[in-house]
Amino acid sequence: MPTLLVGLALLVATVLVCVTIGPADIAVADVARSIAGHLGLGPAAGADGGVPVLTDAIVWELRLPRVLTGAAVGAGLALAGAVMQSLTRNPLADPYLLGLSSGASLGAVAVLVVGVGLLLPVAAFAGALAALVATLTLARVNGVLTPGRAVLAGLAVSQLAAAGTSFVIFWSATGDSYREILNWLLGSLAGSTWQSVAIAAGALVLVGTVLVASAVRLDAFAFGDTAAAALGIHVDRTRWVLMTLVALLTGAMVAVSGSIGFVGLVLPHAVSALTGPAHRRLLPVAAVVGAIFLVWADTGARTVFDPRELPVGIVTALIGVPVFAVLLRRGRGSAWT
Amino acid sequence: MDLSIAGVGTRLGGRWVVDGVDATPPPGALTGLLGPNGAGKTTLLRLIAGLLDPEAGAVLLDDVPVHTVPRRERARRVALLEQESSSTVPLTVREVVALGRIPYRTLWGTDADEAAVDRALAAADAAHLADRAWSALSGGERQRVHIARALAQEPDLLLLDEPTNHLDVSAQLSLLAFVRDLGRTTVAALHDLNLAAAYCAHVLVLAGGRLVAAGDPRDVLTADLVREVYGVDCAVLTHPRTGRPVIAFGDPVPGASPTGADDSRDDPRTPRPEPVPEGAR
């Protein structure tokens, strides 16, 4: 519990501080006043005692939605990774590595072309689910799923979906199609609006609650399916329900940010060193730390090479790939072949 | 608790891997489940555990078919330890044993379970291991911790699938002596006939999915039976100190193959990836 409270405090501080960072210098106090004004807790922007209108617009219309979307996406991806790692007993399981994110991107891009933006999260979910089924079907031999095969199958599915995404954009985009392709494939929070906040946070709260409530069931998978069944778990049902929820979560996150990699891989491992492997403690802390991580990664992505902006996926990959390498070296046992 | 196996059978891939088995393992004692590879031992254990629905007959726990008991309740009454149970999760011994409390957990589980975990650790003589990392234990210690996990379920019936696999002689003997002295109804699949002869109150011998002999090992484990079921010549001696049977093996009988063996996928030394339906055993 203390870990979680410390994490939440750090998250609030992260949000406030990261909103101040950017080309226009804005003080933490101004951020607080702008937020207070919109929540009706203080004078409105431009009014007596309120922040200047321009500052307010930067905080409330640009940076805050972006930071909050980043927080929700980071939390969602970390949760998704932690749950997948337990369900597949694969320390390398991650929505990005197993192809879910790319599948979701393809789904999202496909409906954007057709022009039904409202269906974006739904299509992303469908894409993520299809990619999940494809990866598991490819990777499973006689009902056995080894971590190495799962990652290879994920790679294939991911490449196919990425190619599909690129093709659809290339075929249809009128403007800067390369930039748009990059944003979907590497992830970007640049276009975040309050609507993105609503989609990502809504999915996070809805799905996250169910996942955290399933913590004990996830614990039961530590020694595999039969052991879980012997502990009274309905293994098949639990697996499919939770996997579908992970796909739903991934779909919502990808719909607002494209496929940001490695958040789901890195965070659960780092956090379980802190909380231990019991999911009741692990999942909430992983979500909070994932939020903090992605907000900082995105702040770096948009400011380090100012005025140019990096896709945030480059930053998360720079951090994530070394972690992947360490996990790969560590897991050189027979279970990996 | 009364365990009664009543004409139970099931097919895997069209073949009856367990076929009309009738048996009544004695309550409060250790029963050995014997038979060559592919005889159906693991499948029978899974049927007894209620993890597999029988296609014929039923396994009755106090006269109730076990596969109809709700999952959680069943997990409070029956504990099954598989062969080759391992994990990549960095758990401590205490956390492994606490898994056995999952059938008792509510959504907002409390620490009331801690006492049960402590009891289980003590009962399995594993209390001194509680804070060690599970992955750092020896084979014998791991097996003990698994038994503690099973005991944490507070089951009436304990099912063990080749619990002595990979253990050295001393660990094999102490494990079986410990299980025998638990005074709990236990069915253990065993490969080593001498261990079964030394520690089991009762043995069930399977061949080709059928029960071919059952009873006190002193009556059941005869040279004829071993030759017929395992296809091996042997002499059955009497242990000069315990009076229990000791089997001295000779050569395999030429032309004879163990009954019901289907060994292509079933060498016990090959760790099998786990979700395979473990039928042909």
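These notebook entries record what I looked up in the structure above.

**Entry 1. The model and its numbering**

I noted that this is a predicted model, in which local features need pLDDT of at least 70, side-chain atom pairs count only at pLDDT 80 or more, and totals for chains, interfaces and linings use all residues. I number residues from 1 along each chain as its sequence is written, and I take chains as lettered from A and ligands as numbered from 1 in the order in which they are written.

**Entry 2. Chain B as a whole**

I looked up the secondary structure of chain B and found nine helices and twelve strands. Helices (H or I, at least four residues) and strands (E, at least two) are DSSP runs, numbered from the N terminus. Of the 281 residues in chain B, 46% are buried. A residue is buried if 20 or more other C-beta atoms lie within 10 Å of its own, exposed if 12 or fewer, and partly exposed in between; the C-beta atoms are placed from the backbone. I also recorded that 68% of the contacts in chain B between residues at least 6 apart in sequence join residues at least 24 apart. Two residues are in contact if their C-beta atoms, placed from the backbone, lie within 7 Å.

How many of the nine residues of helix H1 (residues 41-49) of chain B are buried? I found that nine of the nine are, so the helix is largely enclosed by the rest of the structure. Among them are B:Lys41, B:Arg46 and B:Ile48. Just after H1(B), B:Gly50 takes a positive phi of about 80 degrees.

I then turned to B:Val66, in the loop between strand E5 (64-65) and helix H2 (71-77) of chain B. B:Val66 is buried, because 24 other C-beta atoms lie within 10 Å. Leaving aside neighbours within four places in sequence, B:Val66 is in contact with B:Ile48, B:Gly50, B:Val59, B:Leu61, B:Arg74 and B:Val78. The C-alpha atoms of B:Val66 and B:Thr92 are separated by 32 Å, the two residues being 26 apart along the chain.

**Entry 3. Loops of chain B**

I looked up two residues with positive phi that are not glycine. B:Asp125 has a phi of about 55 degrees and lies in the loop between helix H4 (113-123) and helix H5 (139-152) of chain B. With 13 other C-beta atoms within 10 Å, B:Asp125 is partly exposed. For B:Glu154, phi is near 50 degrees, and the residue is in the loop between H5 and strand E7 (157-161) of chain B. B:Glu154 counts as partly exposed, with 16 C-beta neighbours inside 10 Å.

I also located B:Thr222, in the loop between helix H8 (217-220) and helix H9 (223-230) of chain B. B:Thr222 has 15 C-beta neighbours inside 10 Å and therefore counts as partly exposed. The C-alpha atoms of B:Thr222 and B:Cys234, twelve residues apart along the chain, are separated by 8.9 Å.

Two packed helices are described by the angle between their axes and the distance between the axes. Axes are lines fitted to C-alpha atoms, for helices over the stretch in contact, and angles run from 0 to 180 degrees between N-to-C directions.

Helix H5 (residues 120-139) and helix H6 (residues 147-172) of chain A pack at about 135 degrees, with axes 8 Å apart. The two are therefore oblique to each other. Angles under 35 degrees count as roughly parallel, over 145 as roughly antiparallel, 65 to 115 as roughly perpendicular and the rest as oblique. The residues that meet include A:Ala131 and A:Leu138 in H5(A) and A:Arg149 and A:Val157 in H6(A).

Helix H1 (residues 2-20) of chain A packs with H13(A) at about 20 degrees, with axes 9 Å apart. H1(A) and H13(A) are therefore roughly parallel to each other.

I found a cis peptide bond joining A:Asp306 and A:Pro307, with omega about 10 degrees. A:Pro307 is in the loop between helix H13 (279-303) and helix H14 (312-330) of chain A.

Finally, which residues does A:Ala200 touch, not counting those up to four places away in sequence? I listed A:Thr69, A:Ala72, A:Val73, A:Gly76, A:Ala252, A:Met253 and A:Val256.
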